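Dear colleague,

Please find the structure below, handed over for your own work. A short account of the findings comes after it.

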Amino acid sequence: MSARLVGLVGAAVLLLASAATVGDGAAVAPPIPAAFDAKSAYEVIRMDDAVTLVVSRGGKQGRVRLAGLIDPAPQSVQSCQAFAANLLAGELVALEFVEDKDTPERSAYVFRGPDGLFANVELIRAGYGAPSSDKHAHLALFRSYADRAQRLKKGLYADAAPPAGAAADTDDVTIAPGETVVYSTRTGQRYHKADCEHLKKSRKAIPLKEAKKRGLTPCNSCDPPK
Ligand SMILES: [Zn+2]
């Protein structure tokens, strides 16, 4: 099959998917495939940062920014750049330039050849890119995938620390499902119910059995299980 025909088949598949929904059903526009043509493709030399490609064509090098993506937070740049480099470095890409007056660099929708992968979306979908709020043709699609990545804890969202105080400090004890749990403090000789006022400074979950074994005695004010 010729490259041109592959491109056309790809376009047809994407047209069929035009009513596609993402995640919870937010209707989105389909990505527009750039019919992949190796002659007009750019070679990706490397990622210069998390959202900027160094590309080459006809012996000339230039930089191009992934349209619709913001710079990641400083602590995330390395992981985002590594993910983008895995997708794109050394590959041929088709570029669809996007009007963007806010940046001196040219921005583009980047389609990897020969599979037509929409790289801008892929970074967001996998949780290694965040959409900008600037208006562009695929803003709704980008946002929809960003929400989904967050919900499914993909990529960087997986590393997000649980909210502080969500879990009690369990020390070195194992708590079996269904086991009666009481709470002790770091230094006290009593054990308590979860909401006891004596647990304000420290709170460790501990099986009732273990509390007794350690010689802790029930608190007088909260009346924990005995
Ligand atoms: Zn108590």
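This is a predicted model: local features need pLDDT of at least 70, side-chain atom pairs count only at pLDDT 80 or more; totals for chains, interfaces and linings use all residues.

Residues are numbered from 1 along each chain as its sequence is written.

The chain holds 5 helices and 12 strands (DSSP runs numbered from the N terminus: H or I of at least four residues for helices, E of at least two for strands). Of its 226 residues, 29% are buried, that is, they have 20 or more other C-beta atoms, placed from the backbone, within 10 Å of their own. Contacts are pairs whose C-beta atoms, placed from the backbone, lie within 7 Å; of those between residues at least 6 apart in sequence, 60% join residues at least 24 apart.

Helix α2 (residues 77-88) contains C80. C80 counts as buried because it has 25 C-beta neighbours inside 10 Å. Leaving aside residues up to four places away in sequence, C80 touches A50, P72, Y128 and G129.

An open sheet of 4 strands runs in the order β11-β9-β10-β12, with mixed pairing (strands pair if DSSP finds at least two bridges between them). Its edge strands, β11 (204-207) and β12 (217-218), each pair on one side only. Strand β10 (residues 190-192) runs parallel to β12 and is joined to β12 by 2 bridges. Y191 has P218 in β12 as its bridge partner.

Yours sincerely

Technical notes. A residue is buried if 20 or more other C-beta atoms lie within 10 Å of its own, exposed if 12 or fewer, and partly exposed in between; C-beta atoms are placed from the backbone. Two residues are in contact if their C-beta atoms, placed from the backbone, lie within 7 Å.
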